[in-house]
Amino acid sequence: KKFCSKMNSLEIFLNIALSKNKFTILVVEKKKIIFFKEQELLNHGKKIIHENFDEILRKLILEIEAKFKISLNKINLMIEQEILESVDATIKKNFENKKIDKKSVEYLIQDLRFQVIKSNPEKQFIHILIRKCFVDNDEYNTVPIGENCKVFSVEISFIYIPKKFLESLEFFLKKNQLDIKRIISTNYAKSLLNKDTENLGSAAVAATEDINLKEVNIFKKNRVKYGFFERIFRIFV
C-alpha cells in the first residue's frame with residue numbers, strides 16, 4: 001500500500017468484544033470520532049476470529065481508505081473482555097534510609113515484569129499499573145520520588161489477554177497488511193472515564209491521551225521520541 005500523509009492525523013481503533021460476538025472499528029481525528037461501525041460475527045463456539053471476521057474487516061478497511069483517502073496500515077487494537085484479567089504482584093527494596101530515586105524504581109518494575117512474564121508464557125501483558133506503594137509503614141497512591149526510606153515496596157497489576165487469541169487476530173490483520181500500533185484493554189480504557197461517559201468512543205479517545213499517571217509505559221528499545229503525555233516511568237523491551 002502507498003503511504004498517505006493524512007494517516008498521521010488519524011487514529012484507527014479496532015475493538016473486539018469477546019463476549020458479544022462483535023467488533024467495532026472507529027476512526028478518531030483530534031479526539032473526535034469521525035467514523036464508527038459495529039459488526040456482528042458468526043459464533044463458532046468460543047472461536048469468533050475466523051474467515052467471517054476476515055471478510056468483514058477487509059470490506060471495512062476498503063471503505064475507510066476510500067472515505068478518508070488514506071492507506072491504512074496501522075491500527076490500535078482494543079480487546080473487550082467480560083472481566084478485566086490481571087496478575088497482581090509486589091516487589092520491595094531496602095533503600096537504607098536513602099532517597100527513593102526514579103531509576104531504582106524503574107529497575108524494580110522491570111525486574112518484576114520479567115518475573116511475571118517468565119511465569120506466565122501464555123499471557124500477553126498489555127498494561128502495567130501501579131496500584132499502591134509503601135514507604136516503611138506509610139501507604140502512597142503514587143511513587144514518592146525523593147522521599148527517604150528504609151524499605152520501599154510497590155504493588156503492581158499486569159493486565160493481560162490470552163496470547164493465543166492475540167496470535168489468531170494478528171494472523172488476519174497481517175493478511176490485510178495491518179500492523180498493531182498498540183494493544184488496549186477496553187475495560188481498562190473505560191475505567192479512566194466518568195461513569196456518565198462510559199462508552200466505546202470515549203474510551204478510544206481516552207486511550208490516546210495516556211491520562212493515567214499510574215500506568216507504566218512500555219516502549220520499544222529503538223524508540224527515541226516520546227509522546228506529549230509523558231508518564232513517570234519508561235520501561236524498555
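Reader: Which residues are linked in a network of salt bridges?

Author: Lys20, Glu80 and Lys190 form that network. A salt bridge here is a side-chain nitrogen of Lys or Arg within 4 Å of a carboxyl oxygen of Asp or Glu. Do keep in mind that this is a predicted model, where local features need pLDDT of at least 70, side-chain atom pairs count only at pLDDT 80 or more, and totals for chains, interfaces and linings use all residues. Residues are numbered from 1 along each chain as its sequence is written, and side-chain values use heavy atoms, with hydrogens and water left out.

Reader: How many salt bridges does the structure hold?

Author: Eleven. One of them joins Lys181 to Glu11, with the closest N and O atoms 2.9 Å apart. This pair links distant parts of the chain, since Lys181 is in strand S9 and Glu11 in strand S1, 170 residues apart. Helices (H or I, at least four residues) and strands (E, at least two) are DSSP runs, numbered from the N terminus.

Reader: What about a salt bridge within one helix, such as that of Arg58 and Asp54?

Author: Here is the general idea: an α-helix has 3.6 residues a turn, so residues three or four places apart point the same way. In this case, Arg58 and Asp54 both lie in helix H1, four residues apart, and their side chains meet at 3.2 Å, N to O.

Reader: Is Asp54 buried or exposed?

Author: Buried means under 20% relative accessible area, exposed over 50%, and partly exposed in between (1.4 Å probe, protein chains only). Asp54 is buried at 5%, while Arg58 is partly exposed at 35%. Asp54 also forms a salt bridge with Lys175 (3.0 Å, N to O). Lys175 lies in helix H3 (residues 163-175), so this pair ties helix H1 to parts 121 residues apart in sequence.

Reader: Which residues of helix H5 are buried?

Author: Eight of the ten residues in H5 (residues 200-209) are buried, among them Leu200, Val205 and Glu209. To see what covers them, look for contacts, meaning heavy atoms within 4.5 Å. The cover includes strands S1 (10-17) and S9 (179-185), as well as helix H4 (186-191).

Reader: And what does Asn199 do at the start of H5?

Author: A side-chain oxygen of Asn199 reaches to within 3.2 Å of the backbone nitrogen of Gly201.

Notes. Polar contact = N/O pair within 3.5 Å; in protein donor to acceptor, adjacent residues only side chain to side chain.
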